Amino acid sequence: MSLLTLQHQVRRLSRLGFALLLPCVTILSALPARAWSALSAWGISRDGVLELRTPPATRLQAFFEDGNGAVGPRIWVDLPGAPQRSRTLVGNGAIREVRIGRPTDNATRLVIEFQPGTRLDPRQIKLVGTDVDRWSMDFGPSVRGLRAIGEGSLERPQGPSWRALPPPSLQLPRGPIPKLGDLPSVPQGRYTVVLDPGHGGPDPGAIGINNLRETDVVLDVSLQVAQILQAKGVRVLLTRSSEVDVDLPPRVALANNNRADVFVSIHANALRMDRPDVNGVETFYFQGGRSLSLAQSLQNQMLAASPGTPDRGARSGRFFVIRRTVMPAALVEMGFVTGQLDAPRLADPSFRRRLAVAIAMGILNYLVAYP
Ligand code: ZN
């Protein structure tokens with residue numbers, strides 16, 4: 001158990017009357033340069049409790065700055081490692097917005113900005129370590145009745161198996177890749193599927209072993225899934241078909257506006273470069289029901305295509321693109337670009353073909369089961 005007291009950020013007023021923050025001293029030297037963000041997942045519950053998941057034994061610092069007139073109070077937590085992208089989430093209730101930023105090259109700052117006039121008592125607000133990798137902070141009685149927000153899964157990846165080193169004999173899967181005729185058939189032109197290759201353009205997503213870039217892997221696989229589904233008579237829309245950056249809301253809008261039957265976001269996972277032992281396939285859904293069935297169908301096919309990689313399961317997650325889409329939606333993580341088993345596979349064009357067929361198969365199986 002650990003417990004951090006909020007530190008009052010010293011505030012000075014500039015001549016313009018704006019709050020001027022002193023720089024934070026939060027650089028942690030224990031991690032290698034350009035480490036991944038230690039912010040693995042976060043969420044704020046309806047009762048105004050912030051929860052964080054980090055790698056075990058992460059060092060955090062939390063700060064408080066009081067509001068001033070039109071500016072509400074804010075709380076921020078600094079963590080080691082850089083986020084993949086800076087972003088702002090619109091809040092609700094007493095929370096105006098939540099920002100994830102990069103104050104230095106090797107740090108993540110999670111900022112919770114409250115509405116002007118929100119009364120917080122910094123003496124009562126503490127960041128409490130509730131487990132080796134979990135943290136919690138109760139904002140107090142004036143921050144209740146929220147709609148829950150967050151990113152990523154606060155559940156710890158289960159079981160010791162996914163950390164086990166893969167057997168060396170299972171490097172590249174063998175055997176024939178299924179042909180178009182081996183895939184299930186669906187009525188021509190009945191279904192619309194939106195495929196969402198993660199990241200793109202200036203945002204390469206995760207970067208792994210031998211500079212394997214997530215954006216390259218997911219774009220190649222996504223384009224192949226699209227081509228396979230189209231050949232099976234499915235209408236396919238891609239949120240991007242080249243190296244361009246597309247923000248998250250337009251990805252969701254494309255699916256919602258076109259009344260897609262299925263939305264699948266395609267990603268590859270990453271951890272710090274010093275964890276090549278972590279490999280595996282996982283699929284996220286936001287709510288149960290059909291999205292869970294879709295996620296399980298995709299997970300089964302990806303596992304079959306990638307023998308020996310750990311099954312990290314079909315799991316609930318709060319990613320924006322699966323939370324805001326109104327049709328059954330799933331986000332696949334096809335393996336770790338930082339994993340010693342997964343990375344060479346993901347770098348291999350024939351394995352990416354195998355994965356594309358697997359994902360297409362997972363979607364078609366779902367469409368057959370839920371016509
Ligand atoms: Zn990604």
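The model is predicted. The protein chain holds six helices and 20 strands. Of its 371 residues, 42% are buried. Among contacts with a separation of 6 or more, 75% join residues 24 or more positions apart.

**The six-stranded sheet**

- Six strands form an open sheet, in the order β16-β15-β17-β20-β18-β19. The pairing is mixed.
- β16 (235-238) and β19 are the edge strands. Each has a single partner strand, so one side of each lacks a neighbour in the sheet.
- Neighbouring strands are turned by 20 degrees against each other on average, direction ignored.
- Strand β17 (residues 262-269) pairs with β20 in the parallel sense, over six bridges. In this pair, S265 has L331 of β20 as its bridge partner.

- Strand β18 spans residues 281-285. Five of its five residues are buried.
- Both faces of β18 are covered. V281, T283 and Y285 lie on one side, with E282 and F284 on the other.
- Strand β19 (residues 311-316) pairs with β18 in the parallel sense, over five bridges. F284 stands opposite R315 in β19.
- From β18 the chain crosses through α3 to β19. This β-α-β crossover is right-handed.
- Strand β20 (residues 329-336) pairs with β18 in the antiparallel sense, over three bridges. Here E282 has E333 of β20 as its bridge partner.

- Helix α6 lies across β15, β17 and β20. Helix α6 runs at about 150 degrees to β17.

**Helix α3 against helix α6**

- Two packed helices are described by the angle between their axes and the distance between the axes.
- The axes of helix α3 (residues 290-305) and helix α6 (residues 349-369) come within 8 Å. They cross at roughly 145 degrees.
- The crossing of α3 past α6 is right-handed.
- On the α3 side, the contact is made by S293, L294, S297, L298, N300, Q301, M302, A304 and A305.
- On the α6 side, R354, L355, A358, I359, M361, G362, N365, Y366 and A369 make the contact.
- By class, this contact of α3 with α6 has 11 nonpolar, six polar and one charged residues.

**A buried loop proline: P73**

- Where does P73 sit? P73 is in the loop between β7 (61-65) and β8 (74-80).
- Why does P73 count as buried? P73 has 21 other C-beta atoms within 10 Å, and the cut-off for buried is 20 or more.
- Leaving aside neighbours within four places in sequence, P73 is in contact with E65, D66, G67, F114, T118 and L120.
- P73 and R119 are 46 residues apart in sequence. In space, their C-alpha atoms are 7.9 Å apart.

Key
Residues are numbered from 1 along each chain as its sequence is written. This is a predicted model: local features need pLDDT of at least 70, side-chain atom pairs count only at pLDDT 80 or more; totals for chains, interfaces and linings use all residues. Axes are lines fitted to C-alpha atoms, for helices over the stretch in contact, and angles run from 0 to 180 degrees between N-to-C directions. Helices (H or I, at least four residues) and strands (E, at least two) are DSSP runs, numbered from the N terminus. A crossing is left-handed if the near helix is turned anticlockwise from the far one by less than a right angle, and right-handed if clockwise. Two residues are in contact if their C-beta atoms, placed from the backbone, lie within 7 Å. Ala, Val, Leu, Ile, Met, Phe, Trp, Tyr, Cys and Pro count as nonpolar, Asp, Glu, Lys and Arg as charged, and the others, Gly among them, as polar. A residue is buried if 20 or more other C-beta atoms lie within 10 Å of its own, exposed if 12 or fewer, and partly exposed in between; C-beta atoms are placed from the backbone. Two strands pair if DSSP finds at least two bridges between them. A crossover is right-handed if, with the strands pointing away from the viewer, the path from the first strand over the helix to the second runs clockwise.
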